[in-house]
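Q: I would like a close look at a single helix and at what surrounds it. Please keep to what can be computed from the coordinates, and give the cut-offs behind each term.

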Amino acid sequence: MTTDVGPGLSGVVAAETRVMWLDPSSGELAYRGVPVDSLANRADFEEVAHLLIAGKGPGDDPKGLADFRRQVRSSRTLPREVVELIRSLEPTTHPTRMLRAGVSAVGCHELTADDDLSGARQWRELRVVGQTAALVGAICRHRAGLRPRQPEPGCSLAEGVLAALNNRPPTADEVRALDLLWVLSAAHGLDPPTFTSMIVASCLADPYYNIVAGLSALRGPKTGGAAEAVLDQLLPLRDPMEAEAWVERTLANGGVIAGFGHHAYRMPDPRVVVLRKEAASMARAHGRRELFEVARTVEVAATSALAPRGVYINVNFYGALLFHLLGADPPLVPCLVAIGRMAGTAALVREALDGIRLYRPLSRYVGPAERRLSSEDAP
Amino acid sequence: MIGSSPIIAEQSYGRGLEDLVAGDTAISDIDGSKGWLHYRGYPIEDLVGRVSFEETAYLVLFGEMPDASQLEDWCAELRQWRDPPQAALEALQRVPANAHPLAQFRTMMTVAACHIPEPENTELDAQWRRPARILSWTAALAARAIRHLEGADPLPPRDNLGYAANFLHQSTGRTPSTDETTAFEASLVVQAEHGLHAAAFAALVVISTGADLGSAVLAGMGALSGARHGGANQLAFEMLEQLDGPDDARAWVRDALARGHRFPGFGHRVYKCPDPRVRALEPYAEGLLVASGNEHMWHTYLALREEIEGALGAKGIFANVDSITGLIYHPLGLPVSAFPIPFCLAIETGWMAHCLEYLPDGKVIAPGAVYIDSTA
């Protein structure tokens, strides 16, 4: 391959994939050839995870899907010591750090020193997706000062996480909304957490190391942390008037509106439309219309100021709002996104392991010319 | 640097970003055809045996050799972090004893990372604190994991020992001799930095998101733990260990070559000539093996290397650093499954140097993919 290498390796092709398709000029996104538009609100997250990981579309393989659901749900039983480890951390620890520790500890239970560490044979995508959901549930309960409780064995991943988040059985609309969020964020190109996992997988590390590494890239302010920042910005704004003034003031001072801008494309993210609609109806159902109006005002004001510069709304803006309406406080948002993204990453890593070479680019040396220690440094 | 340097005009590259020049760096210069490795301008042959790991780390991280007072302050900073958070040490009791030591080490590090203040202090005066904390915590946690593996009680650090000697003391339970410390230190010095190898690249992707240094190092450790990377020194030693003397080594290599076998610890993506780190470490390995009554193993290694290089050298395949470090770690009494750990302690210096170099104005590293239409 030949390319002009831009900052941040833009323009470089780091993988070939059949898992998804992303058109940077239109923002169009498809999983295994199925447009995401046609999955939103029609397929739940477990179906989409099955599609991404096993390559089977909804309806193509009912028995395989049923097995998949059973396996992914049953993997949510965490070893007691893992739950204890999470609960030994200060409840104020950032949830992404707790999740990383939890995944690492789960890996110690899943693989022994005698297991072959080469990733291909050991990759246990299904279990990892379910285990992550269970860990996030355990983290939610620990943060809220609630006693640990495993999810009901037969419930879906979304039901289990919502029950832990709000300490009550979720409504059907809430379950549908969380599935929608996960479906829309299950895979989106080689974002840093996914790419980090692929680099680590290319060294044939054990799968839990891949995830620990990916989770380390989850929450930087330039990736998943941006979703958290959306809420940090929106929640203190009391009404649309204040929101409008805030946007004006922030931009005049050279500040950043979280939830706007994307390194790869110069148009509104197409996934925003369905998320905005869902956030509006969830806000109505939960008596939070004022919050939605604030968000809508920020969107309109920021768009009119930023669109001429090629900066548009991204998936984090209404995505974070919807996670919040479902019960998440800001620091929990990156972990909730991670559950959905685990499906896409698992599929990409598995694919990558089939034909990958170790990722090892070069650098150009621009430092000091050759020199020697002075003789007085000699022993 | 990768995030900010001007676009490097059209390049061709292969899978795994082979041959892609991803950006500029002032940290190390590696020439894979001449076989040289320079840190900030100093050839490693000039450093090994003459400077401590602490001095090397200072050079790699901050760009210059420290003067006496800088070195004193840097060593004091490193000593200050020798006691990792108690919760991280206790985490070891919550994972099964039969888990891989690298997975146990990882779990302790993920718990320790919960104790890195947020946001990390990026003031200039904190420049030293962040990498020092990681270097000393990882050494202490790794030593703890090794003691655990051996079923032995943990040992407190000793203030009168430097980084290398203290790690040996805390992991093996005995005070190393001067020769042992010198050999171990040499292995740390020559492995302190190596460009954008997979682990450094993973760390750089993480730091480019604005994450903390501990997160970047955890990603690097992940890459390093893989069989194709840091795990290779363990595999190379296990290969050597099953050979019974030089004659057996030669016969086995000839047979393995006929079967198209690949040899762990041989061949390197960048070096197509002898790896300078191997030549720098061989005298130390020989010294330790001879002194510990393992001369036999030294000659087996030499026969193995000569036989493989004789057959494959023309194709640019030579012993790399992973073939030799085990011959230092074994006589020091480190268990084989822990061999990747000292490599990690050394090379994380380089990862952090790349992260610090990248930080000021780096963009998120986000390459693209080619999407293959699976329906077509």
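Which helices of chain B cover the buried residues of H8(B)?

A: This is a predicted model, in which local features need pLDDT of at least 70 and side-chain atom pairs count only at pLDDT 80 or more, while totals for chains, interfaces and linings use all residues. Residues are numbered from 1 along each chain as its sequence is written, and chains are lettered from A and ligands numbered from 1 in the order in which they are written.

The cover of the buried residues of H8(B) includes helix H1 (44-47), helix H2 (53-62), helix H7 (163-172), helix H13 (276-291), helix H15 (321-329) and helix H16 (340-358) of chain B. Contact is taken to exist if the C-beta atoms of two residues, placed from the backbone, lie within 7 Å.

H8(B) itself comprises residues 178-190. Its 13 residues should span 18 Å at 1.5 Å a residue, and this agrees with its end C-alpha atoms, which are 18 Å apart; the expected span is 1.5 Å times one less than the number of residues. Ten of the 13 residues are buried, so H8(B) is largely enclosed by the rest of the structure. A residue counts as buried if 20 or more other C-beta atoms, placed from the backbone, lie within 10 Å of its own, as exposed if 12 or fewer do, and as partly exposed in between. The buried residues of H8(B) include Glu180(B), Glu185(B), Thr181(B) and Ser187(B), together with Ala183(B), Phe184(B), Ala186(B), Leu188(B), Val189(B) and Val190(B).

Leaving aside residues up to four places away in sequence, Leu52(A) touches Val19(A), Tyr31(A), Arg32(A), Ala186(A), Ala187(A), Ala343(A), Gly344(A) and Ala347(A).

The contact between the chains takes 90 residues from chain A and 87 residues from chain B. On the side of chain A that touches chain B, H5(A) gives the most, with eight residues. Strand pairing also links the chains: E6(A) and strand E2 (residues 21-25) of chain B pair in the parallel sense over three bridges, where a pair requires that DSSP finds at least two bridges. Within this pairing, Asp24(B) in E2(B) is the bridge partner of Arg364(A).

Elsewhere in chain B, three strands form an open antiparallel sheet in the order E3-E4-E5. The edge strands, E3 and strand E5 (42-43) of chain B, each pair on one side only. Strand E3 (residues 28-31) and strand E4 (residues 36-39) of chain B pair over four bridges, with Asp31(B) opposite Trp36(B). These two strands, E3(B) and E4(B), form a hairpin with four residues between them, and Gly35(B) in the turn has a positive phi of about 75 degrees. E4(B) is joined to E5(B) by two bridges, and Tyr39(B) has Tyr42(B) as its bridge partner.
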